[in-house]
Amino acid sequence: MDIRPDASPLIDRYSRRITYLRVSVTDRCDFRCVYCMAEEMHFLPKADILTLEELDRLSSAFITRGVRKLRITGGEPLVRRDIMTLFRRLSRHLDSSRLDELTLTTNGSQLERYAADLAALGVRRINVSIDSLDPAKFRVITRRGDLGQVMAGLKAAQRAGLAVKINTVALKDVNDDELDRLVAWCGEEGFDLTLIETMPLGEVDEDRTDHYLPLSEVRQRLAERWTLTPTDYRTGGPARYVTVKETGRRLGFITPLSHNFCESCNRVRLTCTGTLYMCLGQEDAVDLRAPLRASSTDAELHQAIDRAMWLKPKGHDFVIDRQGAKPAVARHMSVTGG
Ligand code: SAM
Ligand code: SF4
């Protein structure tokens with residue numbers, strides 16, 4: 001029997017069991033989405049970033065503690081050099097059934113190149129972020145993205161047999177006129193769709209309140225055309241799902257500014273520098289890089305992880321309705337990992 005203390009499950013002080021780790025492998029990105037980044041970003045020095053070996057060691061320590069689902073994210077995870085090496089290493093946990101799911105969130109720009117490799121390494125489902133189906137608008141939102149390239153990536157994902165969920169940030173006066181079309185398109189392509197409210201994370205060049213669109217409004221509007229049936233489907237996160245009867249696909253609404261999901265929160269987030277954030281909307285964090293680098297055994301690392309569990313807050317403090325208000329959290333989503 002395994003009686004090592006470092007194999008004990010991760011349970012926080014509100015009795016929530018942590019089974020889901022999101023790992024941001026880089027803060028860099030080939031896009032500069034207007035709600036996510038400023039045009040001029042100062043990225044982290046390379047020396048601060050964990051190596052792929054370190055990311056594997058850290059993730060594996062969490063898997064020892066009962067994490068069953070790993071999401072690789074960023075920044076843009078697929079722009080990190082040799083990223084397939086990390087997927088290759090992590091896939092051993094799928095082979096041993098210690099991990100139920102290895103997945104990623106991507107902007108899709110590099111998917112054409114990597115979709116087949118990802119599928120071969122055991123990735124079954126991916127999230128791809130697309131905020132507009134109009135190439136010109138897509139370029140404005142991403143400041144440099146090429147929609148054609150992302151579409152080619154999606155085709156490659158379909159050929160490789162990957163299930164795709166599209167993530168779309170709903171933006172007032174930007175893409176609110178397209179949400180209907182997105183539901184229809186996802187139905188045609190066989191994709192699920194999740195709509196996301198803008199979150200006040202990190203300074204960007206504009207005021208996010210200008211484009212804040214409550215999803216309650218969006219849902220009401222979509223319900224005029226589509227039959228939306230609520231489902232029990234849950235991921236332990238802030239998304240609530242309905243089924244679109246006409247397309248048979250799932251449609252999710254992520255409303256992180258409401259608190260209705262914190263009680264069932266099952267996740268923590270690791271940055272590419274080894275900082276563990278216990279909540280997307282709070283500053284509480286524990287540095288795991290120092291204990292990781294201090295010793296080749298994982299004892300100190302597990303102690304730090306235990307400390308982190310104690311610090312996981314009950315919920316977040318997001319507010320976005322005040323015009324000109326500072327972001328609730330100074331770090332960008334690209335640092336914590338979306
Ligand atoms: N680059 C990848 C991508 O775009 O999918 C992965 C990282 S990105 C930070 C993850 C998700 O966070 C994307 O779907 C993006 O639209 C979303 N996101 C980024 N900043 C956000 C914000 N301030 N509010 C809401 N969603 C945000
Ligand atoms: Fe890059 Fe994703 Fe942020 Fe867009 S949302 S800038 S693709 S990290």
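**The ligand sites and the protein around them**

The shell around ligand 1 is made up of 6 nonpolar, 10 polar and 3 charged residues. This description rests on a predicted model, and every distance and area given here was computed from it. In total, 19 residues surround ligand 1, and the closest of them are Tyr 35, Gly 75, Glu 76, Ser 129 and Met 199.

Ser 129 places a polar side-chain atom 2.5 Å from an oxygen atom of ligand 1, while a polar side-chain atom of Glu 76 lies 3.2 Å from a nitrogen atom of the ligand. Met 199 takes part through its backbone, with an N or O atom there lying 2.7 Å from a nitrogen atom of ligand 1. Of the 540 Å² of accessible area that ligand 1 has on its own, the protein covers 95%. As for secondary structure, the elements that contribute two or more residues to this shell are the strands β3 (101–106) and β5 (163–169).

Strand β3 also holds Thr 103. Is this residue buried or exposed? Thr 103 counts as buried because its relative accessibility is 1%, which is under the 20% cut-off for that class. The side chain of Thr 103 has a polar atom that lies 2.5 Å from the backbone oxygen of Arg 125. Beyond its neighbours within four places in sequence, Thr 103 is in contact with several residues, among them Lys 69, Ile 72, Phe 87, Val 123 and Arg 125.

In soluble globular proteins, nonpolar side chains tend to be buried together. Setting aside residues up to four places away in sequence, Phe 62 touches Leu 10, Leu 21, Val 67, Val 268, Leu 276, Leu 288 and Ile 305.

A second ligand has its own surroundings. Ligand 2 is surrounded by Cys 29, Phe 31, Arg 32, Cys 33, Cys 36, Met 37, Gly 75 and Asn 107, a shell that divides into 5 nonpolar, 2 polar and 1 charged residues.

Finally, Ala 7 lies in the segment before β1 (20–24). With a relative accessible area of 23%, Ala 7 is partly exposed. The C-alpha atom of Ala 7 is separated by 4.9 Å from that of Arg 65, although the two residues are 58 residues apart along the chain.

Key: Residues numbered from 1 in each chain as written. Chains lettered and ligands numbered in written order. Predicted model: local features only at pLDDT ≥ 70, side-chain atom pairs only at ≥ 80, totals over all residues. Heavy atoms only, no water. Near = heavy atom within 4 Å. Polar contact = N/O pair within 3.5 Å; in protein donor to acceptor, adjacent residues only side chain to side chain. Areas by Shrake-Rupley, 256 points an atom, 1.4 Å probe, with all protein chains shown as cover. Helix = DSSP H or I, 4+ residues; strand = E, 2+ residues; numbered from the N terminus. Nonpolar A, V, L, I, M, F, W, Y, C, P; charged D, E, K, R; others polar. Buried < 20%, exposed > 50% of the residue type's maximum accessible area, 1.4 Å probe, protein only. Contact = heavy atoms within 4.5 Å.
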